[in-house]
Amino acid sequence: MIQEEETRVLLGNVAIARGIVESGCHVVTSYPGTPSSEIIPAVVEYKKELGLKTYIEWSSNEKVAFDNALAASLTGKRAAVAMKQVGLNVASDSLMSSAYTGVIGGLVIISCDDPGPHSSQTEQDSRFYAMFAKIPVYDPSTPQEAKDMVKEAFELSEEFQIPVLLRPTIRVSHAKQSIELLPPLELDRLANFEKDPERWAATPCYRLILHTKLNKILQGIQERFEKDTRWNYEVGSTGGASLGIITCSASFVALMDIFEELDVKDVGNILKIGTPYPLPQKKIRDFIERHEKVLVIEEPDTVIETQIIDKSKVLGRLTEHVPLQGELTPEVLYDILAKVLGELGLAQLKPISDPKLDKLIGDLDLPVRRPTLCAGCPERAAFFAIRKTFPKAIYPSDIGCYTLGLNLKAVDTVIDMGAGITLASGFYQAFHQDDKDIPIIATMGDSTFYHSGTASLLNAVYNNARFILVILDNEITAMTGMQPTPGLGITADGSQGRKIPLEELVKGCGIKWIRTIDPYEVNNLIKLLKEARKYTQKSDGGISVIIARHPCLIQYPDVCQEHLVEVDINEDCNGCMYCIDFFECPALRPNEKEDGVEIDRMLCIDCGVCVDVCPRGAILPTERRKDTHIR
Amino acid sequence: MKTQIILAGVGGQGILFASKIFSELGLKLGLNVMGSETHGMSQRGDSVIAHLKLGNFHSPIIRTGAADILYSFEEKEAYRTLGFLRSGGVCFVNLEDAGRFDNKILNHLREKKILFRAFDANGEASKIGFVRAANIVLIGYSVGSGLVPFKRDDMISVLEMVSRKEDLEMNMKAFEVGVRHGSTERI
């Protein structure tokens, strides 16, 4: 049906989306987060291409996404929910409970880990959540395997009536591979909810019964995984060898390439584990028995190693043969292997690095590139105004592009989604207790506010906290790749949903002082910030909220084309570098003699905000564009 | 054929598009294709690097000292990624002024029998009025040079397949400009 089988090069996350579609999945939900964000858009594409009826949702947060998928499963439909690893923290309440109640239609949870970390606040290992919640987990090594595992995960989930976790790491999610596309399964299932309060609304005494059942289910799954040879298999001789390596995920395939290249097969065998929980213990024990030493290589943490019962022959993180943090890149793996093979007297590997080249390049003293807000980003304008108005305030902030307000020294804390506001209220209470009144300026993006801002804000209002909250509303979830928000009211597949304006939401949290402004109007924003501060100090005042609204330039390039303000720097520039230190626009750079600043015309987008930044008034709109100057 | 390619540069230089060109080439040649990309926070003005492996490999990641070919669309990123090249590999660097590249490093590359080619792809792309296609100019240059195992005709049919309709003509032009320069500077 639908299309011929063909081979395409797919990104890991697109392969996962394809696996979801090929499984006939009915409902897919997610909150965006690197490295998981490409899954939903790919499902949307397949839905359109194949004319499917899949319900797809960008949810307001991961817990919400999880529960929506769970409900679909309770009606007998197949459902998938995708998120990044720290998203599973948010959804963990639902995860723990649903492991007990179980599911009806297949429920597959995809949690993408980020060893490195490349784009996350932790290197946590989602597989531990599988152990914690007592649900099975599949751990793919490649995009192809991820796609195939999604399909088996749905089947396992339905057979054992349990949610199943798929844990790709970033090197699977963002890897590409040629993959054969198969037709989607057609599963005609009408929603049907059979009431069973002892299960779906179980009180503690029934929870004990559910827990007992869960333990039995896990035993059954473990037996299945013991027999499995599709994901759990040995490479090398089936007999013994001096060294055995138990490994999984991206490390497995990287080790395979290294083994082939070095031709060290005769000194070691590999046991590849694709189902780290429940761990096929017999398989592991048997493998360890046939080897003198066994090295466990997994990332980012010690899920397999921890579960191994007799560790007397085991080398790994717990014996410090594997680094306790950071990504296991091919270079790190090579070093681990060289060290272990050397220690055991099996082989001396030649170093792969080129220290002479490294030294020559080190001598060049190349500038360190740091992530930075785009030239013309409205969030930069807001941060500049905040710092200029309150140079000594505390600046709690949050997760998103605007984390990069760090570069403007207008971000002091970045803990987790929602903490911009909760830390602001916490700081207020801690200082207030000592009768200290210090300015606290919290910043949070629009998508983060919809994700977890409301609970934080209404708590702060309820408990009489006082601070300024600046909501940086660029009308999109920018950092993760431009996903729509409830403020925009566009849903995952591009159809119109209902808009929920930030102003109404903020008002609903009990805020009495709300102002909206375009942060490009830096001087007006500064005035507004001063008013906002006064309100926090008035006897009948409270929390003041400024919505700094200007669309993201990457998502809405046409908007910025409407108000171009081309600027030049004149001879009044004395090279004080204030604009570079305090505004940090990538389009402003020291000139060659370093006695002044120049504009990088390739990067400048003519936003004109820097006109208000220069203390000497040396940045001015050019004659040619004065007519369109918006101020 | 087993070929490992690194594509390096900064955000906005079309590295993911270049990676797509080689992916489709691999498919066209009936090879297994694997690779890896950069997304997320590191995209905000940071270095962007793509790995591509054509032929039978297990892992999508190229290790230090293993790449056959390096394309760098930016000078500093070239320095940062040279370590990926194996002895006997070849690199193509988008560079306005070839004389500017560090001499000590060039000598070291020569010792490792790594071929170094600098070419002003930005300049050539601007000349045809399509600076965005500097990536394709550089790839064309490499094909023209005969130092890479990719055939001109194969590349053309891949470009036809992956280019957006409105860009196709200019992409072709960019490619041919690159090929011409590559083949005239052939040694």
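**View 1. Five strands of chain A, in the order E9-E11-E10-E12-E13, form an open sheet with mixed pairing.** The model is predicted: local features need pLDDT of at least 70, side-chain atom pairs count only at pLDDT 80 or more, and totals for chains, interfaces and linings use all residues. Residues are numbered from 1 along each chain as its sequence is written, while chains are lettered from A and ligands numbered from 1 in the order in which they are written. Strands (E, at least two residues) and helices (H or I, at least four) are DSSP runs numbered from the N terminus, and two strands pair if DSSP finds at least two bridges between them. Strand E9 (233–235) and strand E13 (314–315) of chain A each have a single partner strand, so these edge strands are each left with one side lacking a neighbour in the sheet.

**View 2. Strands E10 (residues 241–247) and E11 (residues 268–272) of chain A run parallel and are joined by five bridges.** Leu243(A) has Gly268(A) of E11(A) as its bridge partner. H10(A) packs on the sheet, where it touches E9, E10, E11 and strand E12 (291–297) of chain A, and its direction makes about 140° with that of E10(A). Helix H11 (residues 281–289) of chain A also packs on the sheet, touching E9, E10, E11 and E12 of chain A, with its direction at about 155° to that of E10(A). Angles run from 0 to 180 degrees between N-to-C directions, and axes are lines fitted to C-alpha atoms, for helices over the stretch in contact.

**View 3. Helices H4 (residues 85–101) and H9 (residues 204–227) of chain A pack at an angle of about 80°, with their axes 7 Å apart.** H4(A) is therefore roughly perpendicular to H9(A), a term for angles of 65 to 115 degrees. Ala99(A), Tyr100(A) and Thr101(A) of H4(A) make the contact with Arg207(A), Leu210(A), His211(A) and Leu214(A) of H9(A); residues are in contact if their C-beta atoms, placed from the backbone, lie within 7 Å.

**View 4. At the interface, 37 residues of chain A are in contact with 33 residues of chain B.** Strand E1 (6–11), strand E8 (175–181), helix H10 (249–262), helix H13 (330–343) and helix H14 (355–363) of chain A each supply at least two residues of the side that touches chain B. E8(A) and strand E2 (residues 33–36) of chain B run antiparallel, joined by three bridges. Gln177(A) has Met34(B) as its bridge partner in E2(B).

Note on methods. Contact = placed C-beta atoms within 7 Å. Parallel < 35°, antiparallel > 145°, perpendicular 65-115°, else oblique.
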